[in-house]
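Please look over the sequence and the structure before reading the points below.

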Amino acid sequence: MAKRKREKGNTGKKEGPALRWNGRIDEAEIQKVNKLIKEKGIEIVDLKFNDLPGLWQHFSLPASELSEIDDPVNSIWVEGIGFDGSSIRGFQKIHESDMILMLDPSTAVLDPACEVPTLSVICDIYDPLSKKPYSRDPRYVAKKAAAYLKETGIADTSYWGPEMEFFIFNDVRFDQTENSGYYFVDSTEGEWNSGKEEKPNLGYKPRYKEGYFPVPPHDSLQDLRSRIILEMIKTGIPIEVHHHEVATAGQCEIDMKFGRLVKIADSCLMYKYIVKNIARKNNMVATFMPKPLFGDNGSGMHTHQSLWKDGRNIFYDPKGYGLISQLAKYYIGGLLKHASAILAFAAPTTNSYKRLVPGYEAPVNLAYSQRNRSAAVRIPVYTENPKTKRVEFRPPDASCNPYLAFAAMLMAGIDGIVNKIDPGAPLDKNIYELGEKEARKIPSVPGSLEDAIAALEQDHGFLLAGDVFTKDVIDTWIEYKREKEIDNLRLRPHPYEYYLYFDI
């Protein structure tokens with residue numbers, strides 16, 4: 001880790017170094033942090049940032065290292081703190097490894113997972129030579145998307161409401177070597193354990209596709225989810241509801257209230273952090289892998305979104321189909337036109353496409369409809385309140401990097417509005433029950449991550465608008481996914497291939 005340069009004899013405020021990085025110091029926010037440190041007896045400060053694929057990274061320092069604002073030259077708030085960018089997935093080469101973290105004081109909260117009183121702070125990433133935000137910092141991409149929306153004049157705010165699903169298991173084992181490859185997961189809720197000798201086996205194991213959503217004792221995770229959401233609320237994440245989901249074996253959903261793009265993406269990472277750590281403290285394990293089980297529903301992240309201008313929801317029209325405006329229909333047109341490229345970011349794993357298959361309530365059809373959950377875009381009609389009118393893009397899953405996924409969806413929607421992309425007529429039928437001839441007319445999502453990456457390679461001009469996504473971000477993403485995931489999986493024998501082919 002790079003050391004901070006300490007200069008003596010300069011105690012002036014808001015000089016040199018403050019302008020060197022982000023142009024200003026928010027003294028009020030930093031004073032709030034100082035107050036929180038004193039009130040909570042904070043001993044450690046944990047700095048968190050996002051790698052390109054979407055996993056939080058961190059390192060920690062003593063709370064005493066956060067200098068007071070009246071000493072700006074020596075303050076981490078001004079100078080930031082260095083780290084090795086070559087060790088982070090999707091970042092720098094070894095000969096250009098030095099990077100700087102700049103702390104965002106507005107994100108400071110008491111860390112919900114640490115026993116030692118710890119302050120959690122999300123950071124932005126800067127290049128130490130150019131003194132500018134790092135182009136591959138996912139949070140910076142999301143900030144640029146939000147800013148670009150304002151620049152277009154279409155709207156001044158976008159609101160986001162992701163529905164994140166996940167599994168909580170009691171046991172997981174997996175390995176891949178030259179001569180073996182396997183996985184094994186287990187859950188006390190799993191229907192496959194209905195006949196297991198558990199001494200005693202108490203039954204109440206949700207049947208496949210019937211986990212939505214009987215009361216306890218079928219739902220054995222009620223109290224655990226309640227503890228999870230209480231920790232989320234403490235960190236400032238507003239929660240609407242929690243419940244068991246459709247699949248057997250501990251599938252769950254916790255819904256956050258909607259919020260602005262960057263803030264909700266921040267919350268998604270804190271959400272996953274809390275779920276994983278509370279599960280571990282209770283001797284269980286949580287996964288946001290989209291399809292960890294064969295033969296039952298996978299986990300998605302249906303993403304609700306709307307645009308607002310001057311305090312008014314511009315997706316609402318009392319005379320429109322599903323009460324949506326023509327502008328909202330163009331937004332949908334952008335989502336549907338660019339869906340395959342979007343999913344390179346929003347359903348970004350090889351496992352994502354084991355969820356996106358017919359028969360498991362998965363939204364594989366690129367159509368839109370009110371109420372209809374078999375369409376990729378749904379228009380919820382629970383209420384006629386103008387403030388609640390939104391569109392729901394259903395193919396994404398929570399294995400994504402939320403900063404990049406939300407930014408890609410927003411850029412597609414903006415492109416739809418700018419170019420007045422007509423989504424066509426809505427499809428108010430159960431698409432899974434259509435005849436073969438009619439069903440063939442409806443385009444579908446990519447069948448694999450390889451197909452989605454190829455689509456992104458061909459269709460990414462809409463992402464480059466306003467310099468929101470840069471070419472190096474897209475090229476690095478494509479290279480990483482092909483070399484680290486697609487090719488590595490393709491090279492390895494699959495256990496089911498032994499079942500199919502060993503006796504040939």
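Rings of Phe, Tyr and Trp, the last by its six-membered ring, count as a pair if their centres lie within 6.5 Å. By that criterion, the structure, which is a predicted model, holds 17 aromatic pairs.

**Aromatic pairs**

- The ring centres of Trp-56 and Tyr-273 are 5.7 Å apart and the planes stand at 75 degrees, so this pair is edge-to-face.
- Trp-56 belongs to strand β2 (residues 56–62) and Tyr-273 to helix α6 (residues 261–281), so the pair ties together parts 217 residues apart in sequence.
- Trp-56 is buried, with a relative accessible area of 14%, and Tyr-273 also counts as buried, at 19%.
- Trp-160 and Phe-406 make a stacked pair, because their planes are at 25 degrees, with the ring centres 5.3 Å apart.
- Trp-160 in strand β7 (residues 157–169) and Phe-406 in helix α10 are 246 residues apart, so this pair too links distant parts of the chain.
- Trp-160 and Phe-406 are both buried.
- One aromatic cluster is formed by Tyr-159, Phe-258 and Trp-308.

**Packing of α4 and α10**

- Helix α4 (residues 138–152) packs with helix α10 (residues 402–418) at an angle of about 20 degrees, and their axes are 8 Å apart.
- That angle makes α4 roughly parallel to α10, and the crossing is left-handed.
- Residues of α4 in the contact include Val-141, Ala-145 and Leu-149, while those of α10 include Leu-404, Ala-407 and Met-411.
- By class, the contact has 13 nonpolar residues, one polar and one charged.

Methods:
Residues are numbered from 1 along each chain as its sequence is written. This is a predicted model: local features need pLDDT of at least 70, side-chain atom pairs count only at pLDDT 80 or more; totals for chains, interfaces and linings use all residues. Side-chain values use heavy atoms; hydrogens and water are left out. Axes are lines fitted to C-alpha atoms, for helices over the stretch in contact, and angles run from 0 to 180 degrees between N-to-C directions. Helices (H or I, at least four residues) and strands (E, at least two) are DSSP runs, numbered from the N terminus. Angles under 35 degrees count as roughly parallel, over 145 as roughly antiparallel, 65 to 115 as roughly perpendicular and the rest as oblique. A crossing is left-handed if the near helix is turned anticlockwise from the far one by less than a right angle, and right-handed if clockwise. Contact means heavy atoms within 4.5 Å. Ala, Val, Leu, Ile, Met, Phe, Trp, Tyr, Cys and Pro count as nonpolar, Asp, Glu, Lys and Arg as charged, and the others, Gly among them, as polar. Rings of Phe, Tyr and Trp (its six-membered ring) pair if their centres lie within 6.5 Å; planes under 30 degrees apart count as stacked, over 60 as edge-to-face and the rest as tilted. Buried means under 20% relative accessible area, exposed over 50%, partly exposed in between (1.4 Å probe, protein chains only).
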